[in-house]
Every structure is written in C-alpha cells, then in structure tokens.
Amino acid sequence: HPDLAALRLRLAAARNARLAAQRGNNPTVTANGRLGWSGTDELPADRGWAIGAQVSVPLFDGHLTNQQTAEAEAGVAAAEFALGNRRRQVRLLVEQASQSMKDAAEQLVAREKQREAFAENLRLATGRYEAGAADIIEMIDAQVQMTVAETNVVETRFDQGLALAALYRALGRLPRPSQ
C-alpha cells in the first residue's frame, strides 16, 4: 500500500535522525592539506606544503545533544505509531471492502432469483391475458414487477462494482486492464 510505504520511509528517516542525534557526543576529527608552488615559471620553483589535523571532543554543550536525542526518540515513537495505526486502518478497509463484495454477491444471487420469479409471473400473466382469464392491469402489474426486478439486478451489479473499486482502493492498487 503506498501509504504504508511512505510511513515506512518516514520511520527509517526518524531512526536515522535519532542515530545522528546520539552521535553528537562523539569526538570529531577533521583533516586538511595544501600543496602549492610559488616563484617564477623557471625551475627550480619554491614548493610549499602544509598538513593539519584537528580533534574536537565535546565536554559540555548545555544538554543540547541529550535534548536532540530525546526529540529524535519522540520522532521515532510517532512514526512507529503512525505506521501501526495506518496498518490497522488499511486492514479494516480491506475487511470492510471484502465483506461488501460478499454481500453484493449474495444480493446479486437473490436479485437474479427474484427476477426469474417475476419473469415466470409475467409469462403466466401474459398467458392468462391472452386466454382472456385476466385483465390488462394484471399483465401491466407483472411487467412493472419485471422491470423493477431487472433494475434491481442492474443496481446490485453496480453496487458490486463499487465494492470491487473500494477493495482495490483499500489495497492501494489499480485493477489490471483487461485485454
């Protein structure tokens, strides 16, 4: 999931910041060097060189390093909490979307059966009307029921598509394009 990847990187950065803050008490060593020629273009020219080194050992920095380390620790704790919290949220979203997919599939089966029953009812009402055993209102009522049943099937398929889109979103992925 993209959010989780970003939070993992944030946690790694917080851990690196903590490590850098902890190293504030360590001594530092710097070195430099220089080499140069002076004089005219003719030989022999005067050559000069210098080498230097410096060692710095922190004795007292007003507890700056301790406070920076504590701040970095708090950053690590916040990043760990954010990552764990987002993992729980993603898990919940995936479970909800999965349940919505199951519910939509069950609803589609029920709507298909309902449509089959209303199709049979329409067939019987049409047969009765053609035989003169029923009036036009019964046949129109059966047609309305059939239309409502077909509309319900379409709505349920739409709901199933929405549930699938919610599942892909919860997973942080896009569906593969069909070929």
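Student: What share of the 179 residues of the protein chain counts as buried?
Tutor: Buried means under 20% relative accessible area, with exposed over 50% and partly exposed in between (1.4 Å probe, protein chains only). By that cut-off, the buried share of the protein chain's 179 residues is 17%.

Student: Where do these coordinates come from?
Tutor: This is a predicted model, where local features need pLDDT of at least 70, side-chain atom pairs count only at pLDDT 80 or more, and totals for chains, interfaces and linings use all residues. Residues are numbered from 1 along each chain as its sequence is written, and side-chain values use heavy atoms, with hydrogens and water left out.

Student: What radius of gyration does the protein chain have?
Tutor: The radius is taken over C-alpha atoms, and the globule rule is 2.2 Å times the number of residues to the power 0.38. The C-alpha atoms fill a box of roughly 130 × 50 × 20 Å along the principal axes. A compact globule of 179 residues would come out near 16 Å, but the protein chain has 38 Å.

Student: Which pattern does the protein chain follow along the sequence?
Tutor: Helices (H or I, at least four residues) and strands (E, at least two) are DSSP runs, numbered from the N terminus. Read in order, they give α-β-β-α-α.

Student: Which helix do the buried residues of α3 pack against?
Tutor: Helix α3 covers residues 136–171, and its buried residues include M139, A142, M146 and L167. Contact means heavy atoms within 4.5 Å. The partner for those buried residues is α2 (64–131).

Student: How far does α3 reach from its first C-alpha to its last?
Tutor: The expected span is 1.5 Å times one less than the number of residues. With 36 residues, α3 is expected to span 52 Å, and its reach is close to that, at 52 Å.

Student: Why does R86 count as buried?
Tutor: R86 lies in helix α2. Leaving out residues up to four places away in sequence, it touches H1, D3, L4, L7 and L93. R86 counts as buried because its relative accessibility is 17%.

Student: Is I140 buried or partly exposed?
Tutor: I140 lies in helix α3, and it's one of the residues forming a nonpolar patch on the surface. Because its relative accessibility is 39%, I140 counts as partly exposed.

Methods. Patches are made of residues with over 30% relative accessible area and no salt bridge: like charges are joined within 9 Å, nonpolar side chains (Val, Leu, Ile, Met, Phe, Trp, Tyr) within 5 Å. Accessible areas come from the Shrake-Rupley method with a 1.4 Å probe; for residues, only the protein chains shown count as cover. A salt bridge is a side-chain nitrogen of Lys or Arg within 4 Å of a carboxyl oxygen of Asp or Glu.
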